[in-house]
Amino acid sequence: MAMAFDDTIAAIATPVGSGGVAVIRVSGPQALAIADRLFRTPDLEPLDPPLTERPGKQFLYGWLVDPDAEPVPSSACGSGASFRGSEASFRGSGMTPWASGPSAWVIDEAVMLVFRAPHSYTTEDVVEFQCHASIAGVQKILMRCLAEGARLAAPGEFTKRAFLGGRIDLAQAEAICDVTSAKTEKSLQAAISQLEGQLSDITRRIRDQVKHVLSQLEASIDFPDEIDEVAPGELARAIGRIRGDLDDLLATAAHGKLLREGVSLAIVGRPNVGKSRLLNALLRSDRAIVTDIPGTTRDVIEETLAIRGACFRVIDTAGIRMDAADQVEAIGIERSRHALTTADLRLVVLDGSQPLTGADREVLDAAAAMPSLIVLNKIDAVEDGRGAIAAVRPDSHGLPIVAVSAKFGQGLEDLEQAVLEVALEGEVSTVSGAAINARHEAALRAADASLERAMETASQAMPADFVAIDLKAAVAALGEITGEDLTEEVIDHIFANFCVGK
């Protein structure tokens, strides 16, 4: 799929704001010419020889200038020093480009990295300017690149060019986005694994298996007198084995969602059962205000929580009760009810030191039909924790119960393990280093559906042509994962989700 572009793109590749270093990236056929126009040596001389006559893989130190602005004249520097003079006179003067006042010509001090095609991120000529991260300076450098003939890169366009240039496949391109957004060590490990090509290798291996069966089938169709037709039973069994490998990959979908997006975890319950204290205990910080006054939490609070490498979006909600004290609390309670019904997982918090109330039962009844976990809090205030659990059990709807003391941190490890078990039915893991995303899952399910139809058709001993149609559909669906069979519209949509400069 390798292709060349006739335009040059530029963008800021680091977050905008004050900082130590900023990077402006330029890629395309005019990248070197643009850099030659903007870059000067330490003595403010043009590069000799120019970049177009130099090899790649170079680090060059110097200055970035505005070629349309006039340099500061020699007389302004004093002592006969000239910015355009020799290195000896410049250094001997003890001056800097700003010694005699601001210069519209010099923009910033910089290190320039030069990569020649095809040995670059995009497979094109690429130049990166590393300069001081001043908002004004970085923007001016970018504007100069655009004035010299580059255009502003679209979101994800550098990575898109790397994909279209054949340097990486589509699954690896998506992994780059996952690496930059990884929130936990496990999500980073999964993203790096995909970037290294493990998911692509597994997908291609399954695709090659389907293509092998298809080639045997088509050979028997095209040369019936020379090649025996594959027996229907043998064909169905071969397709079944492929579906088994595909199902193993599909099993990583829940893990992939957890690692990339995080599971929404709503902490719900009536007022004053310790929801906010539980949030603070899980976060190991005082994120939420905690008092003994019912209704202290008036709105939802959302924080990110890592549990053994898995990412959760924890939502602390206002206490759910019928008699809200005012309109503000009523709005908070309504948002709590919404979180209760829409979250991926619910922690129903009960006060273990008190009998169940009608409000407790209301929350339990609402959570019963969805993935939920009962947290019996304030267990430190009762003598018999097991007795408190036994008292709750008749109203638990069969939901798991974990006893904790959010105040003293008791039972938190048991709670974290229970959350993982309810969210994933076990520990966070990946199959063969893969953790698929929603797009991969859709493609795999389409391939599986095609293989299932092919398997049924083969089992019924129908003509091989009918089996071949579904096998071709499976090959195409699997090719969507790595980008071998994908429309330009879909590719554009995928890269539109990237940040500008990546």
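How many disulfides does a search of the whole structure find? The search finds 0 disulfides, a disulfide being a pair of cysteine sulfur atoms within 2.5 Å. This is a predicted model, in which local features need pLDDT of at least 70 and side-chain atom pairs count only at pLDDT 80 or more, while totals for chains, interfaces and linings use all residues. Residues are numbered from 1 along each chain as its sequence is written, and side-chain values use heavy atoms, with hydrogens and water left out.

- C131 is in no disulfide, and the nearest cysteine sulfur, that of C145, is 9.9 Å away.
- C131 has a relative accessible area of 4%, so C131 is buried (under 20%; exposed is over 50%, partly exposed in between; 1.4 Å probe, protein chains only).
- C177 is partly exposed, at 22%.

**Helix α16**
- Helices are DSSP runs (H or I, at least four residues), numbered from the N terminus.
- α16 covers residues 464-482, and its buried residues include V467, L471, L478 and I481.
- The buried residues of α16 pack against α4, α5, α7, α8 and α15.
- After α16 comes G483, whose phi is positive, near 90°.

**α4 and α17**
- The axes of α4 and α17 come within 9 Å and cross at roughly 140°; axes are lines fitted to C-alpha atoms, for helices over the stretch in contact, and angles run from 0 to 180 degrees between N-to-C directions.
- The contact (heavy atoms within 4.5 Å) is made by T159, K160 and F163 of α4 and I491, D492 and F495 of α17.

Definitions and conventions. Helix = DSSP H or I, 4+ residues; strand = E, 2+ residues; numbered from the N terminus. Expected span 1.5 Å × (residues − 1).
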